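Student: I would like to go through the labels used for this structure and ask what each one rests on. Please set each value against its definition.

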Amino acid sequence: MNLNTHGTVIGINPKTSRIAVRIDSGDISILEVEDTSEFEINDILYGGLEQEGDNLIFNKTDESEHDVYIQATGCNFRTAHSFLFST
């Protein structure tokens, strides 16, 4: 588990307050965020994206920090889609 992982935002669901991030290894992590409007598709994130639970991540695209809850890691596309859109 890399505590300093880069990832790219690939999905955003304002209804569930979740975003999907494809990390360096190709796996997808699902993050619960306070405000999905603070993220955009293709934003580059940095931090403990493979560590479930509460985390502080850095958005390199707009140079901001965010407290997030990482709900799931190591997901493939189908699993990530289920997490992103389940209520």
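Tutor: Start with exposure: buried means under 20% relative accessible area, exposed means over 50%, and partly exposed lies in between. Keep in mind that this is a predicted model.

Student: Why is E32 called partly exposed?

Tutor: The relative accessible area of E32 is 27%.

Student: What makes R18 buried or exposed?

Tutor: R18 has a relative accessible area of 11%. The limit for buried is under 20%, therefore R18 is buried.

Student: How do you know that E32 forms a salt bridge with R18?

Tutor: The closest N and O atoms of E32 and R18 are 3.8 Å apart. A salt bridge requires a side-chain nitrogen of Lys or Arg within 4 Å of a carboxyl oxygen of Asp or Glu, so the pair at 3.8 Å qualifies.

Student: How many salt bridges does a search of the whole structure find?

Tutor: The search finds one salt bridge.

Student: Why is E40 called exposed?

Tutor: E40 has a relative accessible area of 56%. Exposed means over 50%, so the label applies to E40. E40 is found in the loop between β3 (28–32) and β4 (44–47).

Student: What makes up the negative surface patch?

Tutor: The patch is formed by E34, D35, E38, E40, D54, D62, E63, E65 and D67. Membership calls for over 30% relative accessible area and no salt bridge, with like charges joined within 9 Å. E40, at 56%, passes the area limit because 56% is over 30%. E63, at 65%, passes that limit because 65% is also over 30%.

Student: Where does N42 lie, and why does N42 count as exposed?

Tutor: N42 lies in the loop between β3 and β4. Its relative accessibility is 54%, and the limit is over 50%, so N42 counts as exposed. N42 also has a positive phi, about 80°, although it is not a glycine.

Student: How do you know that β4 and β5 pair?

Tutor: Two bridges link β4 and strand β5 (residues 53–59) in the antiparallel sense. Pairing needs at least two bridges, so β4 and β5 meet the requirement. L45 stands opposite N59 in β5, and five residues lie between the two strands of this hairpin.

Student: What makes β6 a partner of β5 and of β3?

Tutor: Seven bridges join β5 to strand β6 (residues 64–75), and the two run antiparallel. Across them, I57 stands opposite H66 and F58 stands opposite E65. β3 and β6 are also antiparallel, over four bridges, with C75 as the bridge partner of I28. At least two bridges are needed, so both β5 and β3 pair with β6.

Key: Residues are numbered from 1 along each chain as its sequence is written. This is a predicted model: local features need pLDDT of at least 70, side-chain atom pairs count only at pLDDT 80 or more; totals for chains, interfaces and linings use all residues. Side-chain values use heavy atoms; hydrogens and water are left out. Patches are made of residues with over 30% relative accessible area and no salt bridge: like charges are joined within 9 Å, nonpolar side chains (Val, Leu, Ile, Met, Phe, Trp, Tyr) within 5 Å. Accessible areas come from the Shrake-Rupley method with a 1.4 Å probe; for residues, only the protein chains shown count as cover. Lys and Arg count as positive and Asp and Glu as negative; His and the chain ends are not counted. The place of a charge is taken as NZ of Lys, CZ of Arg, CG of Asp or CD of Glu. Buried means under 20% relative accessible area, exposed over 50%, partly exposed in between (1.4 Å probe, protein chains only).
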